[in-house]
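Here is a short briefing on a protein structure. Take a look at the chains before reading on.

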Amino acid sequence: MNLDLASIALSDLIEVLIDGILFGLQLSLLAVGLVLIFGLGGILNLAHGEFVIVTGVISAVLISSGWNPAVAILAGILFSGILALALDRSVLRPVYRLEGEMEVLVGLFVTLGLAFTLEGITSYLFPGLYFSVRVPVETVSIFGLSFRASALVSGMISFLSLMLLLLFLGKTMTGKAIRAALQNQTGSKVCGIDVDRMRSLVFFLGGLMAGLAALAKGIASSVEPGSGLELTSYALIVGVVGGVRSVYGAMVAGILLGIVNALAGYLLGTYLTLVILLAIVVAVILYKPSGLFAGGV
Amino acid sequence: MKISLEIPKPAVIFFLIFALLPFLFSNPYQLRIMTIVAIFSSFVYAANIIIGESRQLFLCMSALAGISAYTSAILASSYHLNPWITIPAGVLFSVAVGAMLSYVSIVRGLGEVFVAIVTLTFTLIFENVVLGLRWLTMGETGLVTPVLWWPLQEILGRRVASYYTILLFAFFVSVFYANFIRSRLGIALRAIRSDRISAEVVGIDVTRYNVIAASIGSAILAVTGSFYGYFNGMVSPGIFSPSMDIIIILMLLLGGLRTLYGPLIGATTIVLVLESTRGFGQLTLTFLGIMLVVLILTFREGISSIAEKAFARISGSEREPEA
């Protein structure tokens, strides 16, 4: 009897753990865009969550007007990339001319203003709209453990997106140039890398990642206007814990926090979970402001 | 130490005008807007001290105001105390939290951006704790505050009496600020702003002065926050939400950072803009956002300092520049 109880608890625990990892992958995907843009743009983009919302809104609108869902979602993701690029090319230009702490501060406020602007527009134009993608199968059981199919698919999409990003940064010439510019802007300028162009590219990539995060979130749950700042704060939490300039850090931190989130949610309930996550951030900033996994790119 | 209290004349005139307004605009809606202007101008003075004078980017001003408002309301209603007794308790709590946030971030050597992130995170924690402790705070619906006795309410009526109390406090805060920037503390903070290392070398205790500035700012936020709660008849997470911080910063930037009249100008303008765009619903956010972007990119000096410069040019006197 005792043994039975123990085994039930253990299988529960494994399910919770895997759930946490799947959610963590979503978090990582949400955060890498923010981290990339901060690393090269020097801008802590508080409008990042809005990019996710924009993809969701565009996709939902296109789907409801009769487009093929796959094409509509692709268009939505591309739109976020282009929006990020457009912001980099327009309102953020004057920010780059500033230096050091001032650049970061002004960037912080400009992107906060943009976040409010986008949040207002999307929730004014599309109240009650939400973007969600249905997976035909409800649950999948593997080795006697059962999982929500939507969480699995969403986790897989997040994982693939992250791997693609790593491949791009690691294997292509452009990716290497971006990494060089992330590490040392002046040095890479000397080597003939066009840092301005790399920055625009990074914004585009960051927008695409936010778009992909919208897809992952739309599969697991839903994306709706008005939740942009919440998404941004999740991305910030992960980014800060991972080390705000480190892509690998963000990935590891995302998975770690996903597990903490799932365990705390399982043991303590939802509202305390967020408080715990936020407390972790404060602790990490105070203990090691550069992040737990800073160092690599 | 020589004590000389300076009461700036324009502030007196400004507040006299505000004090006469109820004779012209006496319906409850107009009184409410005027009271909110007074509340927010106190908030903005606090921001001017914390963010402007001591350069600590606190994005937890709503939480500091809210902590005090909730503490005071909860104590008063659960122990049947007079709110005037519980307000100091709430203020003390907020000051302790503000001082701690300031102390910890200075000792850990956090840059302005990290201070912003830590305090923003703190705001989110506050919001979630309030939402979660439903039995204590009534969660999202909000807590009905006990009735506060406003001085002279028997003669003036509650609305006008609350307006005058809050306005008087705002006036006190503006006079305080005028004297604060001339005081030893204000001058020390100015030295720290222009060159922190030199200031330390000549023996200015950077940690101490910054923590004091944060505590003073927190106290102003806390008193005003409590008044806001009692005036409103209710405290809820919706009132003390992160967007309140944004509104305060917007007012500060519009009026002019580190200026004496900026907070009054900023608070009046933004409250009126917010009220007149109420009909647009969520688009109000968009207006705020666009204003923030435009302000921070083009016009970081604010209305007040531009007006001051123009005035100086006319009268021929130059104001000493600041780093």
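Is A:Arg89 buried, partly exposed or exposed? A:Arg89 is partly exposed, with a relative accessible area of 46%. Keep in mind that this is a predicted model.

- Side chains of opposite charge can pair when their charged atoms come close.
- Over all chains, the structure holds 8 salt bridges.
- One of them joins A:Arg89 to A:Asp88, with the closest N and O atoms 4.0 Å apart.
- Another salt bridge pairs A:Arg199 with A:Asp196, and here the closest N and O atoms are 2.5 Å apart.
- Both A:Arg199 and A:Asp196 sit in helix α9 (residues 195-220) of chain A. They are 3 residues apart, about one turn of the helix.
- A:Arg199 has a relative accessible area of 8%, so A:Arg199 counts as buried, the cut-off being under 20%.
- A:Asp196 is partly exposed, at 34% relative accessibility.

- B:Glu6 forms a salt bridge with B:Arg182, the closest N and O atoms being 3.4 Å apart.
- This pair links distant parts of the chain, 176 residues apart. B:Glu6 is in the segment before α1 (9-24) of chain B, and B:Arg182 is in the loop between α8 (158-180) and α9 (184-194) of chain B.
- Both partners are partly exposed: B:Glu6 has a relative accessible area of 32%, and B:Arg182 has 41%.
- In chain A, salt bridges that share partners join A:Asp88, A:Arg89, A:Arg93, A:Asp196 and A:Arg199 into one network.

**Where the chains meet**

- Contact involves 34 residues of chain B and 38 residues of chain A.
- The area buried between chain B and chain A is about 3200 Å², and carbon and sulfur atoms give 84% of it.
- In chain B, B:Val113, B:Phe114 and B:Leu297 lose the most area to chain A. Together they make up 15% of what that side buries.
- Three elements of chain B give two or more residues to the side that touches chain A: α5 (112-132), α12 (242-255) and α14 (283-298).
- The largest share, 13 residues, comes from α5(B).
- By class, that side of chain B has 23 nonpolar, 8 polar and 3 charged residues.

**One face of a helix**

- In helix α7 (residues 173-183) of chain A, the buried residues are A:Gly175, A:Ala177, A:Ile178, A:Ala181 and A:Leu182.
- Seen down the axis of α7(A), these residues fall within an arc of 160 degrees, so they line one face of the helix.
- A:Met173 and A:Gln183 are exposed on the other side of α7(A).

**Positive phi in two loop residues**

- B:Met138 is not a glycine, yet has a positive phi of about 65 degrees. B:Met138 lies in the loop between α6 (134-137) and β1 (143-144) of chain B.
- B:Leu152 also has a positive phi, near 70 degrees. B:Leu152 is in the loop between β1 and α7 (153-156) of chain B.
- B:Met138 is partly exposed at 41% relative accessibility, and B:Leu152 is partly exposed at 48%.

How values were computed:
Residues are numbered from 1 along each chain as its sequence is written. Chains are lettered from A and ligands numbered from 1 in the order in which they are written. This is a predicted model: local features need pLDDT of at least 70, side-chain atom pairs count only at pLDDT 80 or more; totals for chains, interfaces and linings use all residues. Side-chain values use heavy atoms; hydrogens and water are left out. Contact means heavy atoms within 4.5 Å. Buried area is the accessible area (1.4 Å probe) that two parts lose on being put together, summed over both. Helices (H or I, at least four residues) and strands (E, at least two) are DSSP runs, numbered from the N terminus. Ala, Val, Leu, Ile, Met, Phe, Trp, Tyr, Cys and Pro count as nonpolar, Asp, Glu, Lys and Arg as charged, and the others, Gly among them, as polar. Buried means under 20% relative accessible area, exposed over 50%, partly exposed in between (1.4 Å probe, protein chains only). The arc is that of the directions from the helix axis to the C-beta atoms. A salt bridge is a side-chain nitrogen of Lys or Arg within 4 Å of a carboxyl oxygen of Asp or Glu.
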